[in-house]
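This briefing is meant for a reader who is meeting the structure for the first time. Please keep the sequence and the model in view while reading the points below.

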Amino acid sequence: MKDNRIAIITVTKNGIILAKKIKDREENIDIYTMKKFSEEGLFEIENSLAETVGNIFKKYYGIIFITAMGIAVRVISPYIQKKDVDPCILVIDENGNFIIPILSGHLGGGNELASEIAKKIKALPLITTSSDISGKIAVDTLATKINGRLKDLESAKKVTSLIVAGEKVQIKVPENISDENPSGVILVSNRENIEITQIIPKNIVIGIGCKKGSSKEKIIFAIKDILKELNISYKAIRVIGTVDVKKDEIGIIESAKYFDVPLKIIQRDEIKKIQDRFEKSEFVEKTIGVTSVSAPCSVLSSEKNGKLLVEKKIYEGITLSVFQEG
(Lines give C-alpha, C1' and ligand atoms only; values in the text may rest on other atoms or scores of the structure.)
Protein backbone atom coordinates (compact mmCIF):
# COMPACT_ATOMS: atom_id res chain seq x y z
CA MET A 1 0.00 0.00 0.00
CA LYS A 2 1.34 3.46 -0.92
CA ASP A 3 1.84 5.84 1.99
CA ASN A 4 1.04 9.55 1.83
CA ARG A 5 4.50 10.66 0.74
CA ILE A 6 5.03 12.84 -2.31
CA ALA A 7 8.04 12.86 -4.64
CA ILE A 8 9.20 15.98 -6.44
CA ILE A 9 11.38 15.52 -9.51
CA THR A 10 13.38 18.42 -10.87
CA VAL A 11 16.37 18.74 -13.20
CA THR A 12 17.33 22.41 -12.80
CA LYS A 13 18.67 24.70 -10.05
CA ASN A 14 15.55 26.87 -10.17
CA GLY A 15 13.48 23.72 -9.90
CA ILE A 16 15.33 22.74 -6.72
CA ILE A 17 14.62 26.15 -5.21
CA LEU A 18 10.91 25.73 -5.95
CA ALA A 19 10.91 22.13 -4.68
CA LYS A 20 12.41 23.26 -1.37
CA LYS A 21 9.79 26.00 -1.13
CA ILE A 22 7.02 23.41 -1.56
CA LYS A 23 8.69 21.09 0.96
CA ASP A 24 8.78 23.91 3.52
CA ARG A 25 4.99 24.15 3.26
CA GLU A 26 4.05 20.51 2.72
CA GLU A 27 5.05 17.52 4.83
CA ASN A 28 6.22 14.10 3.64
CA ILE A 29 8.09 15.23 0.53
CA ASP A 30 11.19 13.69 -1.05
CA ILE A 31 13.08 15.68 -3.69
CA TYR A 32 14.85 13.91 -6.58
CA THR A 33 17.35 15.72 -8.80
CA MET A 34 20.37 15.25 -11.05
CA LYS A 35 23.65 14.07 -9.51
CA LYS A 36 25.38 17.35 -10.42
CA PHE A 37 22.88 19.25 -8.25
CA SER A 38 22.95 16.74 -5.42
CA GLU A 39 23.17 18.00 -1.84
CA GLU A 40 22.30 16.78 1.63
CA GLY A 41 18.63 15.89 2.00
CA LEU A 42 18.04 15.33 -1.73
CA PHE A 43 17.81 12.03 -3.60
CA GLU A 44 19.88 11.49 -6.74
CA ILE A 45 18.31 10.51 -10.05
CA GLU A 46 20.28 7.34 -10.71
CA ASN A 47 21.13 6.15 -14.23
CA SER A 48 18.22 7.76 -16.10
CA LEU A 49 15.14 9.79 -15.24
CA ALA A 50 12.88 7.13 -16.76
CA GLU A 51 14.46 4.39 -14.64
CA THR A 52 14.15 6.44 -11.46
CA VAL A 53 10.49 7.15 -12.15
CA GLY A 54 9.90 3.45 -12.74
CA ASN A 55 11.48 2.61 -9.39
CA ILE A 56 9.36 5.10 -7.43
CA PHE A 57 6.10 5.07 -9.43
CA LYS A 58 4.25 2.71 -7.07
CA LYS A 59 5.96 3.98 -3.94
CA TYR A 60 4.42 7.44 -3.68
CA TYR A 61 0.92 8.84 -3.32
CA GLY A 62 1.86 11.57 -5.79
CA ILE A 63 4.75 12.62 -8.03
CA ILE A 64 5.32 16.26 -8.93
CA PHE A 65 7.45 17.12 -11.95
CA ILE A 66 9.08 20.54 -12.06
CA THR A 67 9.89 20.02 -15.72
CA ALA A 68 8.39 20.52 -19.13
CA MET A 69 5.08 18.73 -19.61
CA GLY A 70 6.53 16.60 -22.42
CA ILE A 71 9.28 15.21 -20.18
CA ALA A 72 6.73 14.15 -17.55
CA VAL A 73 4.42 12.52 -20.08
CA ARG A 74 7.20 10.56 -21.75
CA VAL A 75 8.76 9.16 -18.57
CA ILE A 76 5.50 8.10 -16.88
CA SER A 77 3.87 6.55 -19.96
CA PRO A 78 5.40 3.05 -19.62
CA TYR A 79 4.18 2.75 -16.02
CA ILE A 80 0.58 3.93 -16.27
CA GLN A 81 -1.97 1.21 -15.41
CA LYS A 82 -5.38 2.52 -14.35
CA LYS A 83 -6.59 5.44 -12.34
CA ASP A 84 -7.58 3.49 -9.23
CA VAL A 85 -3.96 2.37 -8.70
CA ASP A 86 -1.80 5.04 -10.38
CA PRO A 87 -0.30 7.84 -8.26
CA CYS A 88 -1.43 11.36 -9.00
CA ILE A 89 0.99 13.18 -11.31
CA LEU A 90 1.37 16.96 -11.30
CA VAL A 91 3.52 19.25 -13.45
CA ILE A 92 4.73 22.68 -12.27
CA ASP A 93 6.75 25.17 -14.27
CA GLU A 94 10.02 26.08 -12.56
CA ASN A 95 8.84 29.63 -11.87
CA GLY A 96 5.94 28.23 -9.86
CA ASN A 97 3.25 29.99 -11.86
CA PHE A 98 1.07 27.03 -12.89
CA ILE A 99 0.25 23.58 -11.49
CA ILE A 100 -1.36 21.03 -13.80
CA PRO A 101 -2.63 17.59 -12.68
CA ILE A 102 -2.09 15.21 -15.61
CA LEU A 103 -2.90 11.82 -14.07
CA SER A 104 -5.29 10.52 -11.37
CA GLY A 105 -6.85 13.88 -10.72
CA HIS A 106 -9.93 12.41 -9.04
CA LEU A 107 -9.25 9.00 -7.46
CA GLY A 108 -5.57 9.77 -6.97
CA GLY A 109 -6.28 13.14 -5.40
CA GLY A 110 -4.28 15.11 -7.98
CA ASN A 111 -6.77 17.94 -8.38
CA GLU A 112 -7.05 18.45 -4.64
CA LEU A 113 -3.28 18.27 -4.15
CA ALA A 114 -2.74 20.81 -6.94
CA SER A 115 -5.19 23.22 -5.32
CA GLU A 116 -3.57 22.80 -1.90
CA ILE A 117 -0.04 23.43 -3.16
CA ALA A 118 -1.22 26.32 -5.36
CA LYS A 119 -2.52 28.16 -2.29
CA LYS A 120 0.73 27.63 -0.42
CA ILE A 121 3.06 28.89 -3.19
CA LYS A 122 0.58 31.34 -4.77
CA ALA A 123 0.37 29.51 -8.08
CA LEU A 124 -2.56 28.91 -10.43
CA PRO A 125 -3.94 25.35 -10.53
CA LEU A 126 -5.03 24.38 -14.04
CA ILE A 127 -7.74 21.77 -13.56
CA THR A 128 -8.90 20.23 -16.84
CA THR A 129 -11.35 17.50 -15.74
CA SER A 130 -14.83 18.35 -17.00
CA SER A 131 -16.67 17.75 -13.73
CA ASP A 132 -14.36 20.12 -11.85
CA ILE A 133 -14.47 22.96 -14.34
CA SER A 134 -18.26 22.72 -14.46
CA GLY A 135 -18.47 22.86 -10.68
CA LYS A 136 -19.91 19.35 -10.44
CA ILE A 137 -18.63 16.37 -8.50
CA ALA A 138 -17.50 13.20 -10.25
CA VAL A 139 -18.38 9.78 -8.85
CA ASP A 140 -14.74 8.89 -8.24
CA THR A 141 -14.20 12.20 -6.42
CA LEU A 142 -17.21 11.46 -4.23
CA ALA A 143 -15.80 8.00 -3.47
CA THR A 144 -12.50 9.54 -2.38
CA LYS A 145 -14.16 12.16 -0.19
CA ILE A 146 -16.19 9.58 1.75
CA ASN A 147 -13.24 7.15 1.94
CA GLY A 148 -14.98 4.63 -0.28
CA ARG A 149 -13.96 2.50 -3.25
CA LEU A 150 -15.61 2.17 -6.61
CA LYS A 151 -17.06 -1.22 -7.45
CA ASP A 152 -15.92 -0.63 -11.03
CA LEU A 153 -14.55 2.27 -13.04
CA GLU A 154 -16.72 1.92 -16.14
CA SER A 155 -20.09 2.42 -14.44
CA ALA A 156 -18.65 5.34 -12.44
CA LYS A 157 -17.50 6.96 -15.68
CA LYS A 158 -20.95 6.60 -17.25
CA VAL A 159 -22.75 8.12 -14.27
CA THR A 160 -20.21 10.94 -14.06
CA SER A 161 -20.89 11.76 -17.72
CA LEU A 162 -24.57 12.16 -16.84
CA ILE A 163 -23.67 14.53 -13.98
CA VAL A 164 -21.48 16.62 -16.27
CA ALA A 165 -24.25 16.72 -18.89
CA GLY A 166 -26.67 18.13 -16.33
CA GLU A 167 -28.84 15.03 -16.15
CA LYS A 168 -30.63 14.17 -12.92
CA VAL A 169 -28.62 11.68 -10.85
CA GLN A 170 -29.75 10.53 -7.41
CA ILE A 171 -27.58 9.37 -4.54
CA LYS A 172 -29.12 6.68 -2.37
CA VAL A 173 -27.53 6.10 1.03
CA PRO A 174 -29.17 4.13 3.87
CA GLU A 175 -29.78 6.32 6.93
CA ASN A 176 -27.83 3.86 9.06
CA ILE A 177 -25.52 1.75 6.95
CA SER A 178 -24.84 -0.64 9.83
CA ASP A 179 -28.46 -1.69 10.27
CA GLU A 180 -30.12 -0.90 6.97
CA ASN A 181 -27.45 -1.70 4.38
CA PRO A 182 -29.55 -3.33 1.64
CA SER A 183 -28.66 -6.47 -0.29
CA GLY A 184 -31.08 -5.60 -3.08
CA VAL A 185 -32.70 -2.61 -4.78
CA ILE A 186 -35.97 -2.35 -6.69
CA LEU A 187 -35.84 0.43 -9.25
CA VAL A 188 -39.13 1.74 -10.57
CA SER A 189 -38.69 3.99 -13.60
CA ASN A 190 -39.98 4.51 -17.12
CA ARG A 191 -36.46 5.19 -18.40
CA GLU A 192 -35.23 2.79 -21.06
CA ASN A 193 -31.61 3.19 -20.02
CA ILE A 194 -30.44 4.01 -16.50
CA GLU A 195 -26.77 4.08 -15.58
CA ILE A 196 -26.07 2.69 -12.11
CA THR A 197 -22.80 2.66 -10.19
CA GLN A 198 -21.79 1.70 -6.69
CA ILE A 199 -19.43 3.24 -4.14
CA ILE A 200 -18.32 0.77 -1.50
CA PRO A 201 -17.69 2.40 1.90
CA LYS A 202 -14.45 1.28 3.53
CA ASN A 203 -15.98 0.46 6.90
CA ILE A 204 -14.91 -3.14 7.53
CA VAL A 205 -12.18 -4.02 10.04
CA ILE A 206 -10.68 -7.50 10.01
CA GLY A 207 -9.16 -8.85 13.23
CA ILE A 208 -6.81 -11.78 12.78
CA GLY A 209 -4.82 -14.28 14.76
CA CYS A 210 -2.97 -17.25 13.29
CA LYS A 211 -0.47 -20.01 13.85
CA LYS A 212 3.13 -19.15 13.11
CA GLY A 213 3.94 -19.55 9.43
CA SER A 214 0.38 -19.35 8.11
CA SER A 215 0.65 -18.57 4.42
CA LYS A 216 -0.72 -15.41 2.83
CA GLU A 217 -2.69 -17.58 0.38
CA LYS A 218 -4.60 -19.25 3.22
CA ILE A 219 -5.18 -15.95 5.01
CA ILE A 220 -6.39 -14.20 1.85
CA PHE A 221 -8.73 -17.10 1.09
CA ALA A 222 -10.12 -17.03 4.63
CA ILE A 223 -10.78 -13.28 4.54
CA LYS A 224 -12.49 -13.47 1.15
CA ASP A 225 -14.55 -16.45 2.27
CA ILE A 226 -15.84 -14.90 5.48
CA LEU A 227 -16.79 -11.69 3.65
CA LYS A 228 -18.49 -13.66 0.89
CA GLU A 229 -20.65 -15.34 3.52
CA LEU A 230 -21.62 -11.90 4.79
CA ASN A 231 -22.27 -10.63 1.23
CA ILE A 232 -19.65 -7.90 1.74
CA SER A 233 -17.08 -6.86 -0.87
CA TYR A 234 -13.44 -7.21 0.17
CA LYS A 235 -13.05 -3.67 -1.20
CA ALA A 236 -14.88 -2.55 1.95
CA ILE A 237 -11.90 -3.51 4.15
CA ARG A 238 -10.37 -0.39 5.71
CA VAL A 239 -7.78 -1.95 8.02
CA ILE A 240 -6.54 -5.30 9.30
CA GLY A 241 -5.59 -5.62 12.96
CA THR A 242 -3.53 -8.20 14.82
CA VAL A 243 -1.75 -8.64 18.15
CA ASP A 244 1.78 -7.35 18.81
CA VAL A 245 3.34 -10.83 18.90
CA LYS A 246 2.23 -11.29 15.27
CA LYS A 247 3.66 -8.00 13.99
CA ASP A 248 6.36 -9.83 11.99
CA GLU A 249 4.11 -12.62 10.68
CA ILE A 250 4.80 -12.57 6.94
CA GLY A 251 1.44 -14.09 5.95
CA ILE A 252 -0.46 -11.32 7.74
CA ILE A 253 1.81 -8.56 6.43
CA GLU A 254 1.52 -9.79 2.84
CA SER A 255 -2.26 -10.19 3.13
CA ALA A 256 -2.62 -6.55 4.18
CA LYS A 257 -0.55 -5.58 1.15
CA TYR A 258 -2.74 -7.75 -1.09
CA PHE A 259 -5.90 -5.95 0.06
CA ASP A 260 -4.03 -2.61 -0.08
CA VAL A 261 -4.94 -1.68 3.49
CA PRO A 262 -2.88 -0.75 6.56
CA LEU A 263 -1.97 -3.32 9.18
CA LYS A 264 -2.60 -2.12 12.72
CA ILE A 265 -0.70 -3.73 15.59
CA ILE A 266 -2.58 -3.96 18.88
CA GLN A 267 -0.65 -4.24 22.14
CA ARG A 268 -1.63 -7.00 24.55
CA ASP A 269 -2.05 -4.50 27.38
CA GLU A 270 -4.83 -2.88 25.32
CA ILE A 271 -6.46 -6.24 24.61
CA LYS A 272 -6.54 -7.10 28.33
CA LYS A 273 -8.71 -4.05 28.99
CA ILE A 274 -11.59 -5.40 26.87
CA GLN A 275 -10.92 -9.15 26.54
CA ASP A 276 -13.67 -10.12 28.97
CA ARG A 277 -16.24 -9.03 26.38
CA PHE A 278 -15.30 -11.88 24.05
CA GLU A 279 -15.15 -15.65 23.91
CA LYS A 280 -12.07 -16.85 25.78
CA SER A 281 -9.41 -19.40 24.87
CA GLU A 282 -7.28 -20.99 27.59
CA PHE A 283 -4.74 -22.07 24.96
CA VAL A 284 -4.30 -18.52 23.67
CA GLU A 285 -4.00 -17.19 27.23
CA LYS A 286 -1.27 -19.72 28.09
CA THR A 287 0.54 -18.98 24.84
CA ILE A 288 0.58 -15.17 24.68
CA GLY A 289 -1.08 -13.96 27.87
CA VAL A 290 -4.44 -12.75 26.56
CA THR A 291 -7.69 -14.69 26.29
CA SER A 292 -8.61 -13.57 22.77
CA VAL A 293 -6.94 -12.04 19.72
CA SER A 294 -9.03 -11.52 16.61
CA ALA A 295 -12.19 -10.04 18.15
CA PRO A 296 -10.52 -7.44 20.41
CA CYS A 297 -8.06 -6.60 17.62
CA SER A 298 -10.94 -5.88 15.22
CA VAL A 299 -12.66 -3.62 17.75
CA LEU A 300 -9.47 -1.82 18.82
CA SER A 301 -8.40 -1.29 15.20
CA SER A 302 -11.63 0.57 14.52
CA GLU A 303 -11.86 4.36 14.65
CA LYS A 304 -15.64 4.46 14.99
CA ASN A 305 -18.51 2.83 16.81
CA GLY A 306 -20.08 -0.17 15.13
CA LYS A 307 -20.73 -3.83 15.74
CA LEU A 308 -19.10 -7.22 15.43
CA LEU A 309 -20.60 -9.06 12.49
CA VAL A 310 -18.55 -12.16 13.24
CA GLU A 311 -16.91 -12.56 16.65
CA LYS A 312 -14.75 -15.53 15.69
CA LYS A 313 -14.39 -17.98 12.85
CA ILE A 314 -11.53 -20.45 12.50
CA TYR A 315 -9.88 -21.56 9.25
CA GLU A 316 -7.08 -24.14 9.69
CA GLY A 317 -5.14 -22.25 12.34
CA ILE A 318 -6.40 -18.82 11.23
CA THR A 319 -8.92 -16.98 13.41
CA LEU A 320 -10.90 -14.07 11.96
CA SER A 321 -13.29 -11.49 13.31
CA VAL A 322 -15.25 -8.92 11.30
CA PHE A 323 -16.20 -5.52 12.72
CA GLN A 324 -18.38 -3.06 10.78
CA GLU A 325 -18.01 0.63 11.48
CA GLY A 326 -20.93 2.97 11.11
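Predicted model: local features only at pLDDT ≥ 70, side-chain atom pairs only at ≥ 80, totals over all residues.

Residues are numbered from 1 along each chain as its sequence is written, and side-chain values use heavy atoms, with hydrogens and water left out. Helices (H or I, at least four residues) and strands (E, at least two) are DSSP runs, numbered from the N terminus. A residue is called buried under 20% relative accessible area, exposed over 50%, and partly exposed in between, with a 1.4 Å probe and protein chains only.

**Salt bridges**

- Side chains of opposite charge can pair when their charged atoms come close.
- The structure holds 13 salt bridges, a salt bridge being a side-chain nitrogen of Lys or Arg within 4 Å of a carboxyl oxygen of Asp or Glu.
- One of them joins Arg5 to Asp30, with the closest N and O atoms 2.6 Å apart. Because Arg5 lies in the segment before strand E1 (6–10) and Asp30 in strand E2 (residues 29–33), the pair ties together parts that are 25 residues apart in sequence. Arg5 is partly exposed, with a relative accessible area of 25%, whereas Asp30 is buried, with a value of 9%.
- Another salt bridge brings together the side chains of Arg238 and Glu325, at 2.8 Å from N to O. This pair links distant parts of the chain, with Arg238 in strand E11 (residues 237–243) and Glu325 in strand E14 (residues 318–325), 87 residues apart. Arg238 counts as buried at 14% relative accessibility, and Glu325 is buried as well, at 3%.
- Arg238 and Glu325 also belong, with Glu303, to a network of salt bridges.
- In a further salt bridge, the closest N and O atoms of Arg268 and Asp244 are 2.9 Å apart. Here too the pair links distant parts of the chain, since Arg268 is in helix H11 (residues 268–274) and Asp244 in the loop between E11 and H10, 24 residues apart. Arg268 is partly exposed, with a relative accessible area of 28%, while Asp244 is buried, with 12%.

**Helix H7**

- Helix H7 (residues 153–164) has 12 residues, which at 1.5 Å a residue should span 16 Å, and its end C-alpha atoms are 16 Å apart, in agreement. The expected span is 1.5 Å times one less than the number of residues.
- Within H7, the residues Ser155, Ala156, Val159, Thr160 and Ile163 are buried. They cover an arc of only 135 degrees around the axis, which puts them on the same side of H7; the arc is that of the directions from the helix axis to the C-beta atoms.
- Among the elements that cover the buried residues of H7 are helix H6 (139–145) and strand E8 (148–150).
- At the start of H7, a side-chain oxygen of Asp152 comes to within 3.4 Å of the backbone nitrogen of Glu154.
- After H7 comes Gly166, with a positive phi near 85 degrees.

**Aromatic pairs**

- The count comes to 5 aromatic pairs, where rings of Phe, Tyr and Trp (its six-membered ring) pair if their centres lie within 6.5 Å, and planes under 30 degrees apart count as stacked, over 60 as edge-to-face and the rest as tilted.
- The rings of Tyr32 and Phe43 have their centres 5.1 Å apart and their planes at 25 degrees, so this pair is stacked. It links distant parts of the chain, with Tyr32 in strand E2 and Phe43 in strand E3 (residues 43–44), 11 residues apart. Tyr32 is buried, at 5% relative accessible area, and Phe43 is partly exposed, at 38%.
- The rings of Tyr258 and Phe259 have their centres 5.0 Å apart and their planes at 85 degrees, so this pair is edge-to-face. Tyr258 is partly exposed, with a relative accessible area of 42%, but Phe259 is buried, with 3%.
- Tyr32, Phe43 and Tyr60 form one aromatic cluster.

**Positive phi angles**

- Most residues other than glycine have a negative phi.
- Lys122, although not a glycine, has a positive phi of about 60 degrees. Lys122 lies in the loop between helix H4 (110–121) and strand E7 (124–125), and counts as exposed at 77% relative accessibility.
- Asp260, which is not a glycine either, has a positive phi of about 60 degrees. Asp260 is found in the loop between helix H10 (250–258) and strand E12 (263–266), and is partly exposed, with a relative accessible area of 39%.

How values were computed:
Contact = heavy atoms within 4.5 Å. Polar contact = N/O pair within 3.5 Å; in protein donor to acceptor, adjacent residues only side chain to side chain.
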